[in-house]
Amino acid sequence: MKLNPFITATALLPLMATLAHAGKVVIKGSDTLGAKLVPQLAEAFKAQSPGTSFEIAAEGSTTGIAALIDGTANIGMSSRRTKPTEVSEAGAKGLTLKPTIVAFDGIAIIVNSANPVKELTKKQVEQIFTGDITDWSALGGMAGKISIYTRNTSSGTFSDFKELAMKKRDYAKSSQKLAGNEQIAAEVGKNPSGIGYVGLAYIKASGVKALPVDNVAPSQASIRAHNYAFWRPTFYYTAGEPSGDAKAFLDFTIGPKGQAIVNSVGFVPIK
Amino acid sequence: MHSKYTLKLAAALAAIGCTAAPLHAQDAGALVDKLIKKGILTDQEGEEVRADMMKDFSQTNAGKINLSNSVTALKLYGDLRMRWTYTDTQAQVPDGNDVNQRSRWQYRLRLNADINLGPDWFAGIQLQTGQTPDSGNQTFSGGFNNDSIFISRAYLGWQNDWLRIVAGKQANPFYTTDLVWDPDIQPAGLTEKISFHKMPLFGGSGGPSGDGKGVAEPSRDNPWEVSLIGGQFIFGDNNEFANTSNLNSDPWIFQEQLVATYKFNKDTSVTVAPSFLAENAAHMTGTINKLPFSDEGAISSGTTAVQTTVQEVDNVAISYNAAGVPTKTITPLTTTTTTQTTITPNNKTSGAATVSGPRKISATASSSRNGGVITLVGSKASGVATDPSKANQTFTSTATRQNQTVSTTNNVTLPAVNGETRALHILTAPGDISFKIGGLKSKLYWDFAYNVSGRNRFDNVYQLKDFGSRPYKARDSIAWLVGFQLGETKKKGDWVAYLNYRETGIASVDPNLNDDDSAQSALNMRGFKLGIGYAITDFVVINATGYMFWNLDQGLSGGRATSVGGIAPYNTSNTVQLDFNIKF
């Protein structure tokens with residue numbers, strides 16, 4: 001069935017009107033963005049525009065894009081690009097999903113400061129985290145069983161890292177799952193045989209060092225230049241060109257004040 | 001309609017000298033990344049170009065397919081075959097309906113999905129027409145009835161370079177021929193394959209393949225390929241809590257095989273694959289040939305060949321009385337115009353203590369109806385003149401007149417078969433020598449099967465010892481095949497021709513597993529399978545196949561071999577198949 005865009009727009013009008021009511025911005029999607037960054041951006045925006053309220057639900061990128069298509073969100077947060085079927089579904093409703101890059105994200109590989117290993121290749125990272133390599137001696141380090149620390153399964157980074165670094169293979173059975181970046185950095189800092197991954201903001205934690213991957217060290221510059229292996233853009237998706245409070249919030253996010261918050265939270269600003 | 005960003009991409013491509021070849025969303029990502037790195041596009045512009053292309057792609061058929069994130073590769077394929085088949089069988093023990101001829105129009109549809117879930121895990125599904133395990137054929141019938149489709153494969157597995165483990169209903173992993181395993185059968189259970197030549201220890205690459213496309217190639221320097229295959233198949237399911245001991249264990253098939261190939265060069269190799277196949281004793285249901293393979297109650301040997309002649313023919317019979325003493329009876333069954341003149345057994349007719357060798361009895365009669373002499377001939381492969389074990393039995397005899405044949409046989413009640421009846425222990429040894437003749441791939445191939453439990457099967461399962469026409473012979477436990485194939489039909493213009501000959505002893509293999517096209521799976525048969533094929537295109541192939549089979553031992557009858565549901569019911573079996581196949 002081919003939908004008439006006019007009829008579709010008419011049918012969605014009451015819903016759009018509800019969303020636009022009283023300056024409320026509904027944001028749903030990625031927990032990577034929605035856990036910390038977007039709430040801080042919202043608070044800063046509210047301080048600047050007191051009449052605006054926010055409803056933020058960080059339940060995964062897929063839920064954000066689905067909500068955008070359903071018309072139950074103004075902005076869909078996403079740490080991945082849309083899939084063809086999502087674009088097709090949106091098209092069937094007369095919608096165009098427009099991406100706006102709001103920040104870059106990088107995942108750094110950290111080891112204990114005492115570990116003699118100085119760098120890794122992408123292949124070695126895959127082999128370590130999947131359990132193909134289990135001893136540091138295979139990587140030029142001191143003999144000893146590798147202790148792997150990862151985020152827990154509810155974390156978006158847990159699956160993102162599988163996709164970015166592990167060719168979607170499963171983590172090694174011996175890997176230990178921890179709640180957040182701080183815990184991973186702390187455990188690696190205490191364990192000379194430990195290895196884990198953290199956001200860029202945590203690579204200066206005590207007792208750890210970040211290893212270059214394929215000869216490129218994780219840094220804001222290398223991530224912004226897309227030279228570092230484990231980087232990704234993060235997005236706000238809107239249904240067509242944003243408008244109203246949603247546009248204002250999006251502009252705020254990619255503007256100087258928003259990008260300063262992006263930087264402070266540990267993401268890499270887009271400019 | 002393309003956005004300004006797509007136009008910008010086109011301009012950028014022109015600026016860097018790319019041709020105007022059409023771009024697709026799935027292959028433009030790397031190009032967009034390059035343009036961003038060169039500073040021709042900003043990240044945001046690049047993202048909007050991607051979104052534009054994704055939108056275009058989403059409107060294609062492929063773009064509307066949504067795959068799970070766990071799927072790293074999905075292969076969809078199948079084939080459709082139209083077949084005309086003609087079958088002609090003649091029963092081992094002739095009666096009024098001993099010759100059957102039939103032709104059918106059939107089709108077979110198979111739909112496959114092979115799914116990779118990362119480099120190590122995989123799964124597969126096959127749907128096909130036809131419910132029987134050894135055939136996906138669906139006959140066109142029933143006044144345009146719609147047909148059912150069935151799950152013929154559903155498996156999952158794990159593999160690395162040298163080990164592959166599969167669970168579920170799956171393709172047969174063994175190196176075999178249709179002498180033992182019908183190629184249409186998809187056994188259910190657990191299989192393992194260890195490829196020794198792919199182990200690092202023996203020169204293999206070692207480590208995970210990493211590409212999700214299967215195991216790595218073996219070292220080219222190693223001319224040997226050696227694998228060990230194991231299969232534990234669930235052949236049926238019984239209630240383990242049943243009170244009856246023979247009903248409370250499941251039927252299983254276990255097979256282990258060592259496959260060794262030596263490659264002299266890229267075209268020439270020798271493969272040998274000794275194996276051991278075992279089936280345990282258990283109650284069996286569901287299979288076509290289940291009767292002689294299960295714990296079954298007493299059955300009748302059948303009423304179709306009772307010594308009651310009702311046709312207008314002459315009859316000769318030898319009957320044994322209660323003491324085992326044979327007497328002959330000549331019975332003109334029609335009008336008085338038929339007159340018996342002589343009947344002469346060529347050996348001792350009665351009263352002797354022992355008589356060895358075949359006995360033949362001939363009789364002649366004249367008839368005014370056809371104005372000539374009619375010869376009646378009866379034969380018996382073995383026996384003695386006085387044989388208490390033959391008490392109250394009548395051997396088969398035939399009488400020929402005006403092209404009519406009438407036979408007689410005994411109709412007895414066959415006792416129940418209980419206990420350790422189904423057990424089979426078969427040694428097999430298939431192999432081939434592959435080479436090229438005039439640029440055509442060719443091979444000489446063979447198979448051999450010996451059922452270690454064959455005598456028990458002959459005597460006690462098929463009950464031929466007490467109710468059959470002759471005692472066990474060693475060849476009853478043996479099946480073998482030898483054949484030659486020239487060519488193959490892989491691509492347009494290819495052709496293939498092959499011929500094989502086989503003999504299948506009555507106690508040698510499982511008729512539930514062997515090829516159902518070769519003598520309808522029947523045992524105690526020998527004959528030829530001849531086929532030719534031609535590939536009209538890479539995906540359209542036509543084939544013609546002929547099967548010509550006849551008795552390995554014509555005198556073998558009785559027991560459960562030729563009873564209703566028997567496993568050696570045919571004197572001859574001939575089949576012709578004409579196929580039109582399309583692969584997609």
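User: What makes the crossing of α3(A) and α11(A) right-handed?

Analyst: A crossing is left-handed if the near helix is turned anticlockwise from the far one by less than a right angle, and right-handed if clockwise. The crossing of α3(A) and α11(A) is of the right-handed kind. This is a predicted model, where local features need pLDDT of at least 70, side-chain atom pairs count only at pLDDT 80 or more, and totals for chains, interfaces and linings use all residues. Residues are numbered from 1 along each chain as its sequence is written, while chains are lettered from A and ligands numbered from 1 in the order in which they are written.

User: How is the packing of helix α3 and helix α11 of chain A described?

Analyst: Two packed helices are described by the angle between their axes and the distance between the axes. Here α3 (residues 37-48) and α11 (residues 256-265) pack at about 145°, with axes 10 Å apart. Axes are lines fitted to C-alpha atoms, for helices over the stretch in contact, and angles run from 0 to 180 degrees between N-to-C directions. Helices (H or I, at least four residues) and strands (E, at least two) are DSSP runs, numbered from the N terminus.

User: Which residues of α3(A) and α11(A) make the contact?

Analyst: Leu37(A), Gln40(A), Leu41(A) and Ala44(A) come from α3(A). From α11(A) come Lys257(A), Gly258(A), Ile261(A), Val262(A) and Val265(A). Two residues are in contact if their C-beta atoms, placed from the backbone, lie within 7 Å.

User: Why is Pro187(B) called buried?

Analyst: A residue is buried if 20 or more other C-beta atoms lie within 10 Å of its own, exposed if 12 or fewer, and partly exposed in between; C-beta atoms are placed from the backbone. Pro187(B) has 22 such neighbours inside 10 Å, so Pro187(B) counts as buried. Pro187(B) sits in the loop between β6 (163-169) and β7 (188-195) of chain B. Beyond four places in sequence, Pro187(B) touches Gln170(B), Asn172(B), Gly231(B) and Phe233(B).

User: Why is helix α6 of chain A described as largely enclosed?

Analyst: Of its 9 residues (122-130), 7 are buried, so the rest of the structure largely encloses α6 of chain A. Among them are Val125(A), Ile128(A) and Phe129(A). Gly131(A) follows α6(A) and has a positive phi, near 95°.

User: How much of chain A is buried?

Analyst: Buried residues make up 46% of the 271 residues in chain A. Chain A has 11 helices and 9 strands.
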